[in-house]
Amino acid sequence: MERIDTDVLVLGAGSGGLSVAAGAVQMGARVVLLEGAEMGGDCLNHGCVPSKALIAAGKAAHGMRHAAAFGIAHAEPQVDYAAAMGHVRGVIETIAPVDSQDRFEGLGVRVIRHYGRFVSDRAVEAGPYRITARRIVIATGSSPAVPPVPGLERVPYLTNESLWDLRARPDHLLIIGGGPIGIEMAQAHRRLGSRVTVLEGARALGREDPEAAAVVLAQLRAEGVEIVEGAKVEAVSAEGGVTVSLGDGRSCTGSHLLVAVGRRVNMDGLDLDKAGIETTPTGIRVDDSLKTTNRRVYAIGDAAGGMQFTHLAGYHAGIVVRSAVLGLPARAKTAHIPRTTYTAPELAQVGLTEAEARAEHGSRLTVARFDIGENDRAIAERRRAGFIKVMVVRGRPVGATIVGTQAGELIALWSLAIANGLKMSAISAMVAPYPTIAEVNKRAAGAYFSPKLFESDLVKRVVRLVQNWLP
């Protein structure tokens, strides 16, 4: 067995692991990176990248069907599902070199294509190698969670990993799970010509602001997606395709079944106990510096057991590089981490929702709101559905909810504001080019200040005094 000593050992070549490896090696640290599966992890190969590529294909088809409003004859698109999946594969292949083994070896990282397991508090074995490191970073990501539904093991169901192997369009896609993944894939497949039924045990998009979620769900239903809420799945069988039996006696039958009920952290086989690393029901136990109960070992991204976003993993990587490579204090925060559901319209959130802000701040909360339908660019493009609302306490935003066109782009400004403690006056001082959707953010800040300026008797009295004094 070959023995290797290194400064930083990274387990997992997804977004977080690659960011740590790249940052550490370019700062002069010796880095070893372990990956037993595909470079780039879930995001590149099964998650963010392919899903957004398929969403783009669905958007193109939808645009053809709804061109008449712009004076262009609409046409029913001739969807080649295999070609659409070819587009998805092409997007992955275009991005893949950035995450490739060749690139990272070119940076100076030693890449070993084996899974690792702990054999002591600072040593990991991977294939024929035993690696001892000063600091170890667990960035193993997560995998689709599969619920213990009777009969599911006998049905050829899909997950976000196997979905991309399809080449024939599903005639009727059943989706168990009404979270972001399920809802995004429901709209994309409906726009590509599939019949789609979403089965959600509680409320679809249940984590999101109910008012904002309702805008998205109304659009999906208008496009023909069937969304069944409160649907407790009791059993699955391969009868006449795939049949899902519900607790209230109803059943749904389709040609394909996609299971999208969440994700579980990849911890199996790591032998964490040999390194003194504790776990929780959702992942690996970490403190606010992302250190595990073994102070030499960090866990980041999905492995840290919190929110599961590629951009969060990248943020965590920066925290770890600061701590493990530079030896500087660093603490991870979550208040400024945004999330987006990439439907049309999009739904984005950062910080507290209105309900959360009211529970935490009570009467100190002010909610500033602006309807996207009043934005001139949205009117010009006939994308008027949606709104923005900003939760403000003592002049500073503590959360923002946006549903509408480009919500995922718009939310970044509010992440910046929350991360840096900016006041609403800083947003109000911004100048956005006209006409852009970006004006929505400035108008929300204006909505916060308008009552203070235009509905104040004191302001009116001061203005009269000034006007009488001016020559």
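I began with Glu208, which, leaving aside its neighbours within four places in sequence, is in contact (heavy atoms within 4.5 Å) with Arg203, Ala213, Arg339, Thr341, Leu347 and Gln349. I note that this is a predicted model, in which local features need pLDDT of at least 70 and side-chain atom pairs count only at pLDDT 80 or more, while totals for chains, interfaces and linings use all residues. Residues are numbered from 1 along each chain as its sequence is written, and side-chain values use heavy atoms, with hydrogens and water left out.

I then placed Glu208 in the loop between strand E9 (195-200) and helix H7 (210-222), where helices (H or I, at least four residues) and strands (E, at least two) are DSSP runs numbered from the N terminus. Glu208 has a relative accessible area of 7% and is therefore buried (under 20%, with exposed over 50% and partly exposed in between, for a 1.4 Å probe and protein chains only).

Next I looked up strand E23 (residues 396-404), of which 7 of the 9 residues are buried. I found that E23 pairs (at least two DSSP bridges between the strands) in the antiparallel sense with E20 (residues 346-351) over 6 bridges, and that Gly351 stands opposite Gly399 in E23. Strand E22 (residues 387-393) also pairs with E23 in the antiparallel sense, over 7 bridges, and there Phe387 stands opposite Val403. I recorded that E22 and E23 form a hairpin with 2 residues between them, and that Arg394 in the turn has a positive phi of about 55°.
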